[in-house]
Amino acid sequence: MHQLTKRVKYIILLLLLFSSCKEDIVDIPPIKVESQVTHVSVYNGADGAIDIFVSGGVKPYQYQWSNGVTSQDLDSIAAGEYRLKINDKSGTEHRDTFVVLQPLPDELVIKKEVKHATAYSLSDGSINIHASGGLPPYDYNWSNGETTANLDQLEAGIYILTLTDAIDSTLIDTTVITQPDPQPMQLTLNATNVNSYGQSDGAISSNVSGGLPPYTYQWSNGSTTPDIDQIAAGTYRLVVSDQLGTELSDSVTITEPEP
């Protein structure tokens, strides 16, 4: 009877110990992650962020991001996919993936300032280009072989620009530099008559304007200079031609005193 009582007491003690251990067993909740993603504000920018809020598991947590960062949150990041691995103190692992987005780039745009040639055949035109949108830097390729944004000392003509940005977006723009028509040619002859009968001290000077210089001169006496001198009395004819093939002619008579 005494041994039975001892056995019962032992069983009761075991039951009490088991009941006490069950009270100490705590269920560990799984790691749970909530996040707030800030997307990039402009194309190719780096102002994105990922803020995470972790609960569950056993603190402290260890963080390992796919870009090598080991802090809880990411900031100043570009668009892309970011993978996160979290380990708690008990060795439990949690993995998650986050995507940071970005807007499309603005449309490639050209604004330009054009100056036309101020006179016929004069090379004083210019084109100034202001590019925006797309993704700088920009490459400039002109039909005349230039690779700068701006052109100057341009003659009248057609100039084509191919603008390319860093992501190979292309914009083609054509500019026409104009020029005024040439001024009409004008010819004036001024004569200096012979001083004495039979002498050859007369002279004729010419004044030409308009058209497209330089001019060519052809006198009836064979001279090809603008002015002639040491000439005798008589009638002299001048034909003037410009670079466009325009011709003007005029004649003047050199007189002399009576003998």
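Is threonine 118 buried, partly exposed or exposed, and what is its relative accessible area? Threonine 118 is partly exposed, because its relative accessible area is 49%, where buried means under 20%, exposed means over 50% and partly exposed lies in between, computed with a 1.4 Å probe on protein chains only. The model is predicted, so that local features need pLDDT of at least 70 and side-chain atom pairs count only at pLDDT 80 or more, while totals for chains, interfaces and linings use all residues. Residues are numbered from 1 along each chain as its sequence is written, and side-chain values use heavy atoms, with hydrogens and water left out.

Threonine 118 sits in the loop between S7 and S8, strands being DSSP runs of E with at least two residues, numbered from the N terminus. S7 and strand S8 (residues 125-132) run antiparallel and are joined by 7 bridges, two strands counting as paired if DSSP finds at least two bridges between them. Glutamate 113, for instance, has asparagine 128 in S8 as its bridge partner. Both strands belong to an open sheet of 3 strands, ordered S7-S8-S10 with antiparallel pairing, in which strand S7 (109-115) and strand S10 (150-154) are the edge strands, each pairing on one side only.

Leaving aside residues up to four places away in sequence, threonine 118 touches Asp124 and Pro180, contact meaning heavy atoms within 4.5 Å.

How values were computed: Helix = DSSP H or I, 4+ residues; strand = E, 2+ residues; numbered from the N terminus.
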